[in-house]
2 protein chains.
Amino acid sequence: MSYEIPKNGREVLKLISELSQALRCCQQEPVFCEDVSFSQFLILDTVAEKGRLRLADLHDILSVEKSTTTRLVNPLVKKGMIVREKSDHDFRAINLTLTKNGKEVHRKVWECFSAFIDTIAMRIPQERTEEVYRAVRILLSAMRDAHAEGQCCT
Amino acid sequence: MSYEIPKNGREVLKLISELSQALRCCQQEPVFCEDVSFSQFLILDTVAEKGRLRLADLHDILSVEKSTTTRLVNPLVKKGMIVREKSDHDFRAINLTLTKNGKEVHRKVWECFSAFIDTIAMRIPQERTEEVYRAVRILLSAMRDAHAEGQCCT
DNA sequence: CGTCGTTAGTTGTATATTACAACCATGTCC
DNA sequence: GGACATGGTTGTAATATACAACTAACGACG
């Protein structure tokens with residue numbers, strides 16, 4: 001090649017590319033566990049954590065367009081894991097809560113997901129776990145900032 | 001919640017979820033720069049790096065199904081950035097090389113991508129850069145191994 | 001109390017990514 | 001030569017996702 005590719009650059013490129021490959025397994029496995037996809041599990045878990053969640057907040061949490069949120073939540077409602085109820089204060093807004101069934105599924109998926117996490121954790125030297133998480137988080141926020149500055153994806 | 005969610009678990013879940021959000025910007029921006037998508041750039045770069053690349057090798061590099069490889073390469077051929085030539089040794093196999101135009105685009109996209117990387121790099125404390133990359137790589141291979149063991153995406 | 005602009009959510013439409021299966025051509029091994 | 005494997009392509013289908021257009025409800029201001 002006659003032109004200069006920053007050595008560091010290709011390293012980052014590879015990193016990003018490998019990351020997106022590694023994550024593909026979670027992101028787009030149609031069924032992650034217990035008949036829910038990974039995104040759906042994410043929603044389930046967020047609602048479980050907060051107890052009650054406005055759909056509008058989910059846009060930000062998942063950082064997707066609002067129409068996408070609707071469509072991600074729909075199947076969970078259909079399967080009876082989540083109920084949507086109109087907010088008392090704002091009749092446009094919708095609150096999400098877990099049904100009994102939803103809680104049950106949430107618990108089961110966690111069991112299954114824990115196995116995955118444990119396997120990951122097992123492969124990271126015990127004493128470096130914290131360090132690894134911290135480092136990833138640094139990269140993450142660097143990428144987010146860069147993105148916010150419009151440097152990627154013009 | 002009445003059941004136990006491993007504290008560490010939710011941390012990893014959040015990490016994975018944030019990672020896939022952060023990467024979405026690259027992965028699925030239809031046009032990354034110079035009218036090529038991120039995946040296409042990846043292909044361009046791989047071919048540029050090796051000089052000549054068998055399509056079959058690309059399956060592994062991108063870790064996608066072979067039909068997907070075909071379809072990812074197609075637009076690059078149509079746009080005259082890549083040529084496919086039958087291998088001399090094996091008439092089934094196809095080799096990819098960059099055209100002059102392809103090299104030119106590759107260079108330009110690198111310029112544009114470098115800006116992104118630089119912005120990222122700028123946000124990581126200089127002295128920790130190496131450490132961060134190493135840590136991400138550790139997580140990465142842990143995830144890959146876990147996946148290979150079939151712990152995720154049963 | 002209307003009107004206008006804003007916000008929450010849904011639906012229509014379109015695109016990209018991707019896998020799987022079926023298929024063809026070629027290679028390899030016995 | 002025939003059986004099986006490998007490299008590629010195409011058909012089909014599912015998912016993820018965005019944008020635009022729309023409805024309903026809210027809020028503020030005259």
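Predicted model: local features only at pLDDT ≥ 70, side-chain atom pairs only at ≥ 80, totals over all residues.
Helices, in the sense used here, are DSSP runs of H or I with at least four residues, numbered from the N terminus. The length of the same helix can be checked against expectation: at 1.5 Å a residue, the 13 residues of α4(A) should span 18 Å, and the end C-alpha atoms of α4(A) are 19 Å apart, which agrees.

The β-structure of chain A consists of an open sheet of three strands in the order β1-β3-β2, with antiparallel pairing. Because β1 and β2 of chain A stand at the edges, each with a single partner strand, one side of each is left without a neighbour in the sheet. Strand β1 (residues 53–54) of chain A is joined to strand β3 (residues 94–98) of chain A by two bridges, the two strands running antiparallel, and within this pairing A:Leu53 has A:Leu96 of β3(A) as its bridge partner. Strand β2 (residues 82–86) of chain A is joined to β3(A) by five bridges, again in the antiparallel sense. Among the bridge partners in this second pairing are A:Leu96 for A:Arg84 and A:Asn95 for A:Glu85. Strands of a sheet pair through backbone hydrogen bonds, either parallel or antiparallel.

In chain B, too, an open sheet of three strands is found, with the order β1-β3-β2 and antiparallel pairing. Its edge strands are β1 (53–54) and β2 (82–86) of chain B, each of which pairs on one side only. The pairing of β1(B) with strand β3 (residues 94–98) of chain B is antiparallel and extends over two bridges, and B:Arg54 has B:Asn95 in β3(B) as its bridge partner.

With regard to the relation between the two protein chains, chain B can be laid on chain A with an RMSD of 0.0 Å by a turn of 180 degrees and a shift of 0.0 Å along the axis. That is the relation of a two-fold axis. At the interface, 53 residues of chain B are in contact with 55 residues of chain A. On the side of chain B that touches chain A, two or more residues are given by each of α1 (7–28), α2 (38–50), α5 (100–122) and α6 (129–148) of chain B, and α1(B) gives the most, with 16 residues. By class, this side of chain B has 33 nonpolar, 10 polar and 10 charged residues. Since 100% of the interface residues of chain B are also interface residues in chain A, the copies meet through the same surface.

The domain assignment of chain A gives domain 1, covering 20–123, and domain 2, covering 128–154; the C-alpha centres of these two domains of chain A lie 24 Å apart.

Both protein chains contribute residues to the surroundings of the DNA. Around DNA strand C there are 23 residues, of which A:Leu55, A:Ala56, A:Ser67, A:Thr70 and B:Phe91 come nearest. The surface near DNA strand C receives at least two residues from each of α3 (55–62) and α4 of chain A and α4 of chain B, with the largest share, four residues, coming from α4(A). The residues of this surface near DNA strand C divide into seven nonpolar, seven polar and nine charged.

Around DNA strand D there are likewise 23 residues, and those that come nearest are A:Glu65, A:Phe91, B:Ala56, B:Ser67 and B:Thr70. At least two residues of the surface near DNA strand D are supplied by each of α4 (66–78) of chain A and α3 (55–62) and α4 (66–78) of chain B, and α4(B) gives the most, with four residues. The class composition of the surface near DNA strand D is seven nonpolar, seven polar and nine charged residues.

Technical notes
Residues numbered from 1 in each chain as written. Chains lettered and ligands numbered in written order. Contact = placed C-beta atoms within 7 Å. Nonpolar A, V, L, I, M, F, W, Y, C, P; charged D, E, K, R; others polar. Near = placed C-beta within 6 Å. Expected span 1.5 Å × (residues − 1). Least-squares fit on C-alpha atoms with pLDDT ≥ 70 in both. Pairing = 2+ DSSP bridges. Domains from an automatic or database assignment.
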